[in-house]
Amino acid sequence: LPIGCYDLLAMSVVSIDFLVLARFVGPRELGIYGAAVQVGTLIKKARQAFEPALIPVLSQELQRNDRAGARESLDRVSRWVAAIDLGFLLVVAVFGGDILRLFGSGFATGALPLVLIALAWAVNGIWGIAENVVLLERPRWNLWNWVAGAPLAVGLNLLLIPRYGAV
């Protein structure tokens, strides 16, 4: 139950930016931001690719109380995710406008939001992989982190989006 509630809350909070942005900008900027989100969130696939293999390994190591083994497994996966994410970030930073032009010439203006979105997901991928340990050892903590973070996310979106738009 805590994991299901955590997933539902996390999906809702991750989408709040789009909902708040829709209130404050026109359809053109919202569409450009939507394209940037679609491209920028591809970076999270690196973390998602490793988690199905990592979680059972961590679970076994933690059940055996093999903290060193769990740390080593987590470190190894973190390095792989970091390498992939940093490569993706470099491509987006250099070619972000060109990538978004695939949607149409006007979409290139979303290059900066694209880089910021990719950067945020890279940080989440690189350091968030450790969330799996919390998920296995203390699943309620993840839920309470999101319960505490949701009002913060909503508040920051309401504060920053009217001032900075999609950026």
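**Figure 1. Contacts along the chain and the overall fold of the predicted model.** Among contacts in the protein chain between residues at least 6 apart in sequence, 77% join residues at least 24 apart, where contact means heavy atoms within 4.5 Å. This is a predicted model, in which local features need pLDDT of at least 70 and side-chain atom pairs count only at pLDDT 80 or more, whereas totals for chains, interfaces and linings use all residues. Residues are numbered from 1 along each chain as its sequence is written, and side-chain values use heavy atoms, with hydrogens and water left out. The protein chain has seven helices and zero strands, and its pattern along the sequence reads α-α-α-α-α-α-α; helices (H or I, at least four residues) and strands (E, at least two) are DSSP runs, numbered from the N terminus. The C-alpha trace of the protein chain spans about 55 × 35 × 20 Å along its principal axes. Of the 167 residues of the protein chain, 37% count as buried, a class that means under 20% relative accessible area, with exposed being over 50% and partly exposed in between (1.4 Å probe, protein chains only).

**Figure 2. The packing of α1 with α7.** The two helices α1 and α7 pack at an angle of about 5°, with their axes 9 Å apart, the axes being lines fitted to C-alpha atoms, for helices over the stretch in contact, and the angles running from 0 to 180 degrees between N-to-C directions. That angle makes α1 roughly parallel to α7, since angles under 35 degrees count as roughly parallel, over 145 as roughly antiparallel, 65 to 115 as roughly perpendicular and the rest as oblique. The residues of the contact of α1 with α7 comprise 22 nonpolar, two polar and two charged; here Ala, Val, Leu, Ile, Met, Phe, Trp, Tyr, Cys and Pro count as nonpolar, Asp, Glu, Lys and Arg as charged, and the others, Gly among them, as polar.

**Figure 3. The largest pocket and its lining.** The largest pocket has a volume of about 1,600 Å³, and of the 44 residues that line the largest pocket, the closest to its centre are Val13, Val14, Trp121, Asn124 and Trp146. On a 1 Å grid over the protein atoms alone, a pocket is an open set of points where a 1.4 Å probe fits, with protein on both sides within 12 Å along at least five of seven lines, and lining residues have an atom within 4 Å of a point. Grid points are joined across faces, edges and corners, and a volume is the space filled by probe spheres set on the points. At least two residues of the lining come from each of α1 (2-24), α2 (27-40), α3 (44-63), α5 (111-128), α6 (131-137) and α7 (139-164), and α1 gives the most, with eleven residues. By class, the lining of the largest pocket holds 26 nonpolar, twelve polar and six charged residues.

Figure 4. Serine 78 is found in helix α4 (residues 67-101) and is buried, with a relative accessible area of 17%. Leaving aside its neighbours within four places in sequence, serine 78 is in contact with Ile126 and Ile129. Glycine 69 also has its place in helix α4 and is buried, at a relative accessible area of 12%; its C-alpha atom is separated by 8.2 Å from that of leucine 58, eleven residues apart along the chain.

**Figure 5. Glutamate 29 in helix α2.** Glutamate 29 lies in helix α2 and, at 32% relative accessibility, counts as partly exposed. Leaving aside its neighbours within four places in sequence, glutamate 29 is in contact with Gly165 and Ala166.
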